[in-house]
Structure formats: C-alpha cells, structure tokens
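Good morning, and thank you for coming.

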Amino acid sequence: MAALILPAGLLVLLLLVAPMAMLFRISLNEYSPTQLMLEALQPGNYLRALADPYYQAVMGTTMSVALSCTAICLVIGFPAAWWLARMDSKRKSLAVILTVFPLLVGNVVRSAGWMALLGRDGAINAALRGLGVVSEPLQLLYTEGAVIVGIVAVVAPYMILTLSAVIEGIPRNLEEAAANLGAGPLVAFRRVVLPLAVPGVVAGSVLVFILCMNAYATPVLLGGPQFKMMAPAVYDQFVRGTNWPFGAALAFLLLVVTLALTVLGSAVVGRRYRR
Amino acid sequence: MISRRALGLAAAALPLAARAQDARVVMGTWGGDYGEILRQGVDVAVATPRGLEVVQEIAPAPTRKTKLLAERQARRGTMDVVGLSDVDMYELAQLGLFEPVPAGAVPGLARVIPSLKRAYAVPHIYSARVILYNPSLVPVPPRSYADLWDAKYRGKVGLSDLLYAQYVETAAIVGGGGPSDFEPAWAKLREWKALGARVYSSNEQLAAALKSEEVAVTVMWLARGFMWKQAGIPLEHVVPEEGATSITYEMAVPRNARNKAGGWRYLDAMLDVRGQAAFAQRMGYVPTVTDAVLPAELARQISLTEAERAKLRTPDYAYQARMAPRVLDFWNKEFKG
Amino acid sequence: MGTLQLAGLSRRYGANTVVDGVSLDVAEGELVALLGPSGCGKTTTLRMVAGFVEPSAGTVRIAGRDVTRAPPHGRDTGMVFQSYALFPHMTVAGNVAFGLEMRGIGRAEREARVLEALRLVRLDGLGERLPRQLSGGQQQRVALARALVVNPAVFLLDEPLSNLDAKLRAEVRVEIRNLQQRLGLTTLFVTHDQEEALTMADRLVVMERGRVRQVGTAEELYERPADLFVANFIGRVNALAGEVAGPGEFRVADGTALPCPRDAAPGMRATLCLRPEKLRFQPWASAGVPAVLARTVYLGGQTEYHFTLAGAPVMALRETPPAGDRLRGLQPGDRVTLDWLGEDARLLPEVAR
C-alpha cells in the first residue's frame, strides 16, 4: 500500500511543497533593484508588510470580502443545494451542468460581462435611467459590492456542489419522518437537515473562503484600480515591482491568515454541532 | 541518465533535425495587433523567406518579464528573442539577462537611428508620450503637461493604471524635476488626485471612458492615440511644451536562448522596412530605421516635428529602475489609495 | 385512535398508473396489511395516507377528516419506516421526544412519556444512546416508540421487519401485534411477505398492478381466493385449465376428467385450483386420476410429491410417511392415481395476466 502511494506522494511533494519552500526561502531574501534579490535570512519583508497600514488595510479588505462572499454563498447555496440533491436523477444531471456552467467561462470573460452590466453605461444603469428611477448613473462598478457579487458568482457553484453532495447523503426519509412527527418544512430543515449538513457547510465554506481569499481577476476587473485585495497586491510586487522577496512575504502572510481563519472557523462550527 | 555528450553525438547523427532546430526561433511577444503585424510583416514577409521558422510565444509583457527572471538560472530558456519596452529591457539587462549584440550580427543596425541603439537590444519601433484630448469637450487645447493641473480639468483627466511610471515622470516634469529627478512628483501627484484624476485598470477601459466622454483628457503614447482615433474615438493630440518623452519597444536575445544565431537573424529581419512600415500604418509607431518611407499624411499623424523632436526626452533608465519600488508604492498606496 | 378511509385513491406518473382506484375502510383498532409483489402500489398507497405522495384522484380520511390535501405534518399519522429513519444526530430519547416537542408538549410531560414509550418497547435505560450504538432490532423498537408516543390517529408500518434477520423477525412480529392489540392501534401495514401478513393482520388487502385484487381475512383469502392471482399469492396452489363437463366433473384439454364441486355450471371454462394438502394419491392403479411421479422433495416433517397430470405439473403435500412405509419406496416414473374431494377444489375465472 505504501509503495502504491509513494509515487503520488513524491509528485505532490515535488509539485506543491518544493515551490512553496522556494517561495518561503525567497521571502527571507533582500530586495535589490539591480540584482533582483540578495541572499539573506531576515524577517524584514514580513515585518514591513505587518507594520504597513496599507497592507493591513488590504488584508482587512480581503478578509471582509472573503467572509461576506462565504456567508452569501452559504445563504443562497443551501436552498439550491437542497433542491439539487432532492431532484430526480434525470433532471439532476442537467441541473448540475447548469450549476457548473459559470465555471466553464473564464473569470476574465465573466468579469467583462459584469462590467457590461454594471458600468456607467451598462444595462442596469440604462434600465434605471430609462425608467426614470435615477437621473445620474449609479456607481455600481468599481465598488466592493461589485467585487462581492462577481466573486460569489464564481464560487457559488463550489458551495452548491459540496453542500448538495452532503445533503444527498442525508436520507430523504429523515425529512419525511420529521414531517410525519409534526414538523413543518422549516422546522424539519432546522432540526434535521441543517445539523446533518454541517460537514458540508464546513467543507463548502472552507473551499469557498479559500477561493475568495485568493481571488485575483474579479477584484482587479470589477474592483477597479483603487480596490486592492491580497492576490493582486502579491501580483503587483512580483510582476510590476519585480520585488520578489516582498511579494513572497505577502503571499505567505495571505497563506497563513487563510489557514488560521479556516482552522478556527471549522473548529468553532465543529464544536457547536458535535455531540 | 543520458550524458550531454551522448546527446551531442545523437544530435550530430541527425543533421536534418539539427538544421531544423537552427531554423526555429521562439519569439516572445505580445498578442493582439502587435503579434499579428509581427507575424505578417516580419515573420511571413521577411523571416520565412530567409529560412527562419518563427514560433510566437504570446504573453503580456509582465508575464514574459517574470518568465525571463524565473528562467535566469536555467541553462536553456524558452525564448530566443523577446520584445519589451525600453524601461523593462533596461531593468532586465541590468540583471544580465541578455546577450550583448555582437558586432556585425545584425547588419540592419547600420540603418537604425543612432540615439536608439543599445548594447543589449535592438530597437523595434518607437513613439512619444503626448496629451490626448476630446476637442468637443475641450475647445481650447491644453499646451503643456502643466495645463492638466488646471482646475478646469477637474474630474476630466483619465489615466491608465498600466502607465503609472509615466505619470510619475510627467508629474516630476511639471513640478520642476525630470526623468532623473522624481522628488517633485509626489506633491504634484497628490494635487492631481485632489483634482479628481481618474485611474482606469487598463488602456482599453481608459479608451472606453474617453469614448463615453466620462473623461476628456489623458496622457498617452501618440501611437495609441493614433489607433484610438482610427477606432473612431474623437481625439486630438498635443505634444507638450515641456517636451515629449520617448518610448521605444526593443527586442533582445536572452543569454540562455537555445538559438542565438537564429535570434540575431530574426532581429535583422525585424528591421526590414516592410515590417517597420506595417507597424506605422496599423499601430502608429514610428520606424526605428532611417530608410523606411511613410506616406506624408501618416508621417504627420504619428511623428514629431523637427522642433518637437529636438525637445524629445529619453527616460533615465537607471534612475527609473532604482526608483521603481518607490514609484509603485506611492502609486498604489497614495495615489490610488 | 381513529378510522382510516380510502376512496377511489389513484396515483399516476405520466401515463403510468401506480395506484388505481383503491378503496378501503380500516376500522378503529384494526390492523390491515397491504400485501403484494413489489411494484403493486402498496407502498405508494401508504405514502398517500402519510401525505408524502399526492393522490391524482380519490380521498383519504383519517378519523373522519378529509386530509387528502393536508401536508404530512398536519395528518396525525405515526409512521415506522422500512429503514427506521431515526435521526442520527439525536439520542434515542431525543428521537422519541421529537414528535411531542412538535406538538408543544411541556418538558416534564414529555420526559415522562418518552420514558413510558421506551419501557413499552423494552428499551429502558437506553435513552441517552445514539441510534448507531444500537442493534438493528433495538433501532426498530426506537422507531416504533417514536411513532407511538404521539398517540397518532393512524399507525403506518412500511415493511418494518424487512431489515431484521429471520429469527428476530418472528419475535418482533408477535411483539408488534401484541402492542397493536393492547393499545388498540388503527394500523395500515405494508409487506410483501404473505406469512407476515397472515400472522399479523386482521384483514389483508392483496394488490397487484395498482389495483386491489381481494380484501379479506387470512382464512377467506386462503380458502376462497377471488382469482388465480390471489390463490397463487397466498399459499401454493395447483392450477389446471379446462371446462366443467357435468355435475362434479371437470375436463382438461386432453379429456381427462377431474373431480370438482357439484354446484358448478356445466360448460363453464375455468381454472381448477386445488391446495397441495388436499391432493391425495395412491401408488396402485385403482379408481382415480392417473399421473406419473416426477420427483419428491423431502422437507423433514413434510414431503412434496410432484406429479405430471395430463402434461401439467401438480404437487401434493403430506406428512412424511414413517420409515418402512411403502410410499417411501416411490421412484420417479412410478404410476399413481390422484384423488380429491370435489368440494375441496375451487373453480376460478381465467384471468389474463
């Protein structure tokens, strides 16, 4: 058994751990405009990122966007997932395809669609002005709201599919048993389906939260140049600033914060529902 | 493991394969119009008849730049020729990424405008940074960069996030500094921000804002302005009184290119007047060779007058590279923040 | 407790009619079994009573109230599911208390009733366990307690014994029946196992392809089946097609005459049905119907004798003869004569199957 796992394990090590280790090593180097970076073992990049109010704010925005998106995904994803899980198998395959359909479109293309919808001359503003609701176009694009909507549209399928897989594992007759004992649909949902779906809620939320923390294209395109989340900030340091050590430090901070919040969140939810 | 020696023997035993390898040149380039004109005007028209087989590796400039950096310690890189802006090219040349141009390897260099020649690269096309404005919204054209700080342009100036370093230099010039002194830029940029200068994520979004008349004025490459005019955006250009700053797109052969000889042959093909004229006609960039003849009307639209050319500034690459982290920081944290 | 009345109950899925005009009255305290092969519509009928399936036509009345369009939680039925459907995240006591909670019963009374219900199903002291910590039989009893504790008007059992092993099944059968009789529960019980139905039910409803074939007591169904399907489904039967030739005489296709009831109208085409235990045979040629022994199946106390009668297979079941009896020496291929009382045979109309 161990021998069977070995090649795959080595591959994972090579493809995942090795680049991470290299990145971590780079994050301890010193930036040099003329030599890219100087070999060093110093925490300066981390200290600078942690002390800088700008990056504190960027991290704050990233966390708030990721948490909002996760919460919204959960609220809109649960009913959809339940509906999907309880659908007969013939219609389900079609519904699953429709659910993952947004993922077939690249983030950039999808964002272009949102821009056409939310822009000053976009469909929504045109409609609102046409109806006389507003006289001046509303600033919809380049707002935190636009970013959240855009990211939710990308990650919601992950939440829905994860939840629906777990809900599918909850025997349907448990809901029937609850109804038979006098529970209305909402009570049956709260007392029976929801507690049993907690593993799905945790898994889906972790997945979605991680995706949101690392969102790149959507914040860049829908948030506009002023809006900053961590992934674009990392990109900026690597590509525009050519400051690899600092970019690597930012990337690691993002990783650590994401990991910490994920572990913390799962532990809290897990304890709340474990018997 | 097969030793390199064994590989060399195998290569020697396959002269045909080896020759095919010599002909193949991997060209790291932008896609879109640039890549297409390059393909038609240089690859098909000149390089292929000269026996080169050109493969384009298309990616945005930052991606190719990062790739070159990531490959800098590899014995063999992926690109044989790479095109970048003069500023990027200088930055990477500083890190020793490019092969110095050997004397005689690119005969066409004899026809190149002398001030554009570099030790580490061959100039491809160039343009100048100018002011673009919408004549129906701006009846009295601005004459200088400094005019753009006038309160009458409040909220009407649009900027592209990609050109942030250019705006820092622009502000430095307005504040009394210049390409080698950005210190006065910071105060001027804060002032500009207070005047409601708007930043757009990409050149395309800036173009859309100009077209929808959300903004009326910008600072941009003359060549880009030419393309936007061709696309029907109502724009005129002004060469600022302070003097325009040039931008040159250059091509170089990475130090770890597989096929350096092919790379130099490609660079010579790139200097052919046919390709140079095609870029002028379609993208509004001025040829870097002296023998390319453009139609008079086109020349008027895309190039500077004798007097304007006399005031043309070249960026101080070394200074700009040194300032790059501060420029990006200021732009991100203060100007956009 | 109350009565249950089904009138013209039907369920169609597209062109497919799963339940077709089922009418049935279950009296107070009566246990009625819905019996039939899989796909006969018995489970769908039960689910229409519980409210999980909406009828296409017909009505469901519980304790006189029309609940045809009422949601499941407004019907006051107590159901035991085939897989028990215990809430895995709640304790045994939590499961049993759930229905009481939904009815707004206060904590003190709830706890008392839960204890009482658990005692009733002999699970005292297991209230704090989780369902997965119990055996299958115990889980089944939790399901019973959970359904009973709310005193439902109608008690519904959906194949409640099918997940138990054979020995346990016999025990639980008796246990449920005792409980049902003691508490006077009006019960509808779904099963595909005729033995289960025969031993537990006051009355049985035999269903086939969505329709009710016959309703009656075990005795009625066994001794006076309405048709060949019921005769075949309840117990085993020898069936021979032919025509009534005269008083007490039935002829099969090749002209062989067989005894049949005297009151049968001559000329009637029918299927003659005879239970295996009514068939007598002798190994020596004498008065009777000639047949050939095909094989014997020794079952211990009883033995099956399979014969060929006018080309058709028939079977006799009798006590295994004592050792040394001449019948023990019968070999396949031996000629015998068959005989039965004409009144023991039953003539049933031919049904297109």
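Which helices are included in what covers the buried residues of H5(A)? Before I answer, two remarks on the record. This is a predicted model, in which local features need pLDDT of at least 70 and side-chain atom pairs count only at pLDDT 80 or more, while totals for chains, interfaces and linings use all residues. Residues are numbered from 1 along each chain as its sequence is written, and chains are lettered from A and ligands numbered from 1 in the order in which they are written.

Now the answer. The cover over the buried residues of H5(A) includes helix H4 (89–104), helix H6 (123–130), helix H7 (144–168) and helix H11 (217–223) of chain A. Helices (H or I, at least four residues) and strands (E, at least two) are DSSP runs, numbered from the N terminus. The buried residues of H5(A) are Arg110(A), Ser111(A), Trp114(A), Met115(A) and Leu118(A). A residue is buried if 20 or more other C-beta atoms, placed from the backbone, lie within 10 Å of its own; it is exposed if 12 or fewer do, and partly exposed in between. Viewed down the axis of H5(A), these buried residues fall within an arc of 150 degrees, so they line one face of the helix. The arc is that of the directions from the helix axis to the C-beta atoms.

I turn to the chains. Two residues are in contact if their C-beta atoms, placed from the backbone, lie within 7 Å. Of the two pairs of chains in contact, chains A and B share the most contacts. That contact takes 21 residues from chain B and 20 residues from chain A. On the side of chain B that touches chain A, H14(B) gives the largest share, seven residues.

The other contact joins 15 residues of chain A to 17 residues of chain C. Helix H8 (172–180) and helix H9 (185–196) of chain A each supply at least two residues of the side that touches chain C, and the largest share, six residues, comes from H8(A). Chain B and chain C do not touch; their nearest C-alpha atoms are 50 Å apart.

Lastly, the sheets of chain C. Two strands pair if DSSP finds at least two bridges between them. One open sheet has four strands in the order S2-S1-S4-S5 (chain C), with antiparallel pairing. Strand S2 (16–26) and strand S5 (65–66) of chain C stand at its edges with a single partner strand each, so one side of each has no neighbour in the sheet. Strand S4 (residues 57–62) of chain C pairs with S5(C) over two bridges, and the bridge partner of Ile62(C) in S5(C) is Arg65(C). Helix H1 (residues 42–50) of chain C lies across strand S1 (4–13), S2 and S4 of chain C, at about 115 degrees to S1(C). Here axes are lines fitted to C-alpha atoms, for helices over the stretch in contact, and angles run from 0 to 180 degrees between N-to-C directions.

A further open sheet of chain C has five strands, in the order S15-S19-S16-S17-S18, again with antiparallel pairing. Its edge strands are S15 (280–282) and S18 (312–319) of chain C. Within this sheet, four bridges join strand S16 (residues 289–298) of chain C to strand S19 (residues 335–339) of chain C. Ala291(C) has Val336(C) as its bridge partner in S19(C).
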